[in-house]
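This briefing concerns a single protein chain. Please examine the sequence and the structure shown here before reading the notes that follow.

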Amino acid sequence: DTSKEERVCRRDASDFTMTSLKKLQLKDVDVSSKRVFIRVDFNVPQDKADPNVITNNARIVGALPSIKYCLDKGAKSVVLASH
């Protein structure tokens, strides 16, 4: 028997168990008066002629709701780390 938290996967001769991780959503965490560290992917395409121009800002715009949520919920600060 496997619980709701655990899934057993069998593949050929090798047996292994994968445990699903309980992932918290931002709404499940009290960010009030805390420093919040958010890893973001701001690897955005740039114009070839002028690399200072971002040609698609979807990733930046996509991160804004999470950043705004933390600030609206009283986070002391929000630190963004891009890779």
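A polar atom of the Asn56 side chain lies 2.9 Å from the backbone nitrogen of Ala58. The model is predicted: local features need pLDDT of at least 70, side-chain atom pairs count only at pLDDT 80 or more, and totals for chains, interfaces and linings use all residues. Residues are numbered from 1 along each chain as its sequence is written, and side-chain values use heavy atoms, with hydrogens and water left out.

- Asn56 is placed in the loop that joins β3 to α1; helices (H or I, at least four residues) and strands (E, at least two) are DSSP runs, numbered from the N terminus.
- Asn56 counts as partly exposed because its relative accessibility is 39%, where buried means under 20% relative accessible area, exposed over 50%, and partly exposed in between (1.4 Å probe, protein chains only).
- When neighbours within four places in sequence are left aside, Asn56 is in contact (heavy atoms within 4.5 Å) with Val44 and Pro45.
- The C-alpha atoms of Asn56 and Val44 are 6.5 Å apart, while the two residues are separated by 12 residues in sequence.

**Overall architecture**

- The protein has one helix and four strands, in the order β-β-β-α-β from the N terminus on.
- Of its 83 residues, 11% count as buried.
- The accessible surface comes to about 7,100 Å², and 51% of this belongs to carbon and sulfur atoms; such areas come from the Shrake-Rupley method with a 1.4 Å probe, and for residues only the protein chains shown count as cover.
- Among contacts with a separation of 6 or more, 54% are between residues 24 or more positions apart.

- β3, α1 and β4 form a right-handed β-α-β unit; a crossover is right-handed if, with the strands pointing away from the viewer, the path from the first strand over the helix to the second runs clockwise.
- β3 pairs with β4 (residues 77-82) in the parallel sense over six bridges, pairing being assigned if DSSP finds at least two bridges between two strands.
- Within β4, Val78 is the bridge partner of Val36, and Ala81 is that of Arg39.
- The covered face of β3 carries Val36, Ile38 and Val40, whereas Arg35, Phe37 and Arg39 lie on the uncovered one.
- In a regular strand the side chains alternate between the two faces of the sheet.

**The nonpolar core**

- The largest nonpolar core comprises eight residues: Val31, Val36, Ile38, Val40, Ala63, Ile67, Cys70 and Ala75.
- β3 (35-40) and α1 (58-72) are the elements that give two or more residues to this core.
- Such a core is a set of buried Ala, Val, Leu, Ile, Met, Phe, Trp, Tyr and Cys residues joined through side-chain atoms within 4.5 Å.
- Ala63 touches Val40 and Phe42, not counting residues up to four places away in sequence.

**Ser33**

- Ser33 lies in the loop between β2 (14-19) and β3.
- Although Ser33 is not a glycine, it has a positive phi of about 65°.
- Ser33 counts as exposed because its relative accessibility is 52%.

Terms used:
Polar contact = N/O pair within 3.5 Å; in protein donor to acceptor, adjacent residues only side chain to side chain.
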